[in-house]
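Dear colleague,

Please find below the structure that I am handing over to you.

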Amino acid sequence: MISEEEVRHVANLARLGLTDEEVEKMSGQLGDILDNIDQIGELNLEDVPPTANALNLTNVLRPDEPHAELSPETVLSTAPDAADDLFAVPRID
Amino acid sequence: MAEDSRSELLSLSAYELAKKIEAREVSATEAARTANARVEEVEGDVNSFVTTTPQLALERAERVDARMKNGGIKLWESVPIAVKDVLSTKGVRTTCGSNILYNFEPLYDASALLNYGEDMIVVGKANCDEFAMGSSTENSAYGPSRNPWDLDRVPGGSSGGSASAVAAGEGWWALGTDTGGSVRQPAALCGIVGLKPTYGRVSRYGLIAFASSLDQIGPMTRDVRDSALLLQAIAGHDPRDSTSANVAVPDYLAELEGGVSGLRVGVVKELMGEGVQPGTRETVESVVRGLEGAGAEVGEVSLPHSRYGLPAYYIIAPAEVSSNLARFDGVRYGLRVPAAGVHEMYRKTREEGFGDEAKRRIMLGTYALSSGYYDAYYAQAQKVRTKIIEDFRDAFSRYDVLVSPTSPTVAFEIGSKINDPLAMYLSDICAVPVNLAGIPSISVPGGLSEGLPVGVQLMSDHFTEPTLLRAARATEQVSDFKFTLKP
């Protein structure tokens, strides 16, 4: 079980609204899933390096050259709200 | 065109159709009309698509026909295709199966689609679990797709709409995406071929990201030759995707018929046991005996850390989800639920926009990455990933191709696992180690159990798709299965 208080804390970190019913359900379900995941703790992997990319790619670079991109009007065409060539949002609180 | 010649066209593989069009026996436009008519006929039963695009398919097919007259086209370009709704299609609604993108029309096409050709004959955007998270398509905001073999059962997921479209003949082939089995498992459950290429083989640019270190676009086809041809169409390096591999693309059809004589085939011990339905196990064993009869050297191989694959996956994938899905915040695209302040707008938009599974994974990932838990979960899971890669490396020092079931069970009934996330996750237990290691893998129908298709999963080392496809071709030939349109 993950406590409902902890569920609310994590939901806030993720900027995710949850109903009281969802919080209750999530607390049980996340607990069950994490209980199953906990078995990876059985392994002693102290000296094992982590893998982030299966092909071991690191720092792929390209020349920094200017080229044509989408216009501001095009990019803003999918936005719920826009003003003065910018994305518009409600008051920052 | 007469009804019987349409049904004759529908009985062809994509390769056969393309050859017929190349020989000018039929036009791409007629193929598109045939696909559209088939969608019209069966879509009410199977719900393979979020959005159908019959007009677009016809316009593009006419352009393909015109280009054929004035020069040439690539063989595959004349074949109508279904495209999973997580792949960006310029000006064509792309929802990812989510309410949060209910109105989103991308500003550019995914690179894999452009590789196929600018006039790709898209018959529709295929249904999927929301943001490709799930194993049944029941997590789609647009209703579940249905398995053409039994409409009360799931087609698998997350690329379930792509799989049901191919099985039902709504287009001759489809593109799916595979993060933890999402191409192979639905292919297995619908009796078609599903290929997950090596990580980096196909550009992810324009694929709306789920778990960036695992996602890969793959072909879903009627047979193995079609799989090779469709991989040929989409593979290649892309400067727009820094994780795409700068490795030459071989001719995937060249070695296809080479057979398995002398090929070393290892059956994965850990993936044949507990939780695997007897009928599924017997089908895989029968196919393995067939490969042995065709000259393969068969042995048993152990992947000792494979049992930790699923739990490691359910840390790594949700962690990446919690980051990738942060962009859906009501600012730049998709749904916005109005509120007085920006934080309330974020919370309300995401509450209304995301479904249960997306919320669960965002929560799981955020929790695993949050202060105090990072080392126990994310860091440990990344080390498990290293151990799984070492297991495969060891196995590939002795075997060319590994074999297991694709899914531990045949297609299950709609509704039977939707309230039990852990039971649903187990559906991908054989598939996820492949994604963690970044190797290629293919599911080939091996026969029937309980009247439903069973998929045989083959796996090989990084960038050895020619060997994998050759083994898959032989698997198809020794299996007790022949593609027929359903329902």
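The largest pocket has a volume of about 700 Å³. A pocket here is an open set of points on a 1 Å grid over the protein atoms alone, where a 1.4 Å probe fits and protein lies on both sides within 12 Å along at least five of seven lines; grid points are joined across faces, edges and corners, and the volume is the space filled by probe spheres set on the points. Its lining comprises 23 residues, with Y108(B), G206(B), I208(B), R327(B) and Y333(B) nearest the centre; a lining residue has an atom within 4 Å of a point. By class, the lining divides into 13 nonpolar, four polar and six charged residues (nonpolar: Ala, Val, Leu, Ile, Met, Phe, Trp, Tyr, Cys and Pro; charged: Asp, Glu, Lys and Arg; polar: the others, Gly among them).

Please note that this is a predicted model, in which local features need pLDDT of at least 70 and side-chain atom pairs count only at pLDDT 80 or more, while totals for chains, interfaces and linings use all residues. Residues are numbered from 1 along each chain as its sequence is written, chains are lettered from A and ligands numbered from 1 in the order in which they are written, and side-chain values use heavy atoms, with hydrogens and water left out.

Turning to the interface, 57 residues of chain A are in contact (heavy atoms within 4.5 Å) with 64 residues of chain B. The area buried between the two chains is about 5300 Å², with 66% given by carbon and sulfur atoms; this is the accessible area (1.4 Å probe) that two parts lose on being put together, summed over both. Between chain A and chain B there are two salt bridges, a salt bridge being a side-chain nitrogen of Lys or Arg within 4 Å of a carboxyl oxygen of Asp or Glu. One of them joins K25(A) to D356(B), with the closest N and O atoms 3.8 Å apart. On the side of chain A that touches chain B, α1 (4-13), α2 (20-37) and α3 (72-76) of chain A each supply at least two residues (helices are DSSP runs of H or I, at least four residues, and strands runs of E, at least two, numbered from the N terminus). The largest share, ten residues, comes from α2(A). That side of chain A divides into 33 nonpolar, twelve polar and twelve charged residues.

Over all chains, the count comes to 29 salt bridges. In chain B, D119(B) and R63(B) form one at 2.9 Å, N to O. D119(B) lies in the loop between α5 (111-116) and β3 (122-126) of chain B and R63(B) in helix α4 (residues 54-69) of chain B, so the pair ties together parts 56 residues apart in sequence.

Lastly, the peptide bond from G157(B) to S158(B) is cis, with omega near 10°.

Yours sincerely
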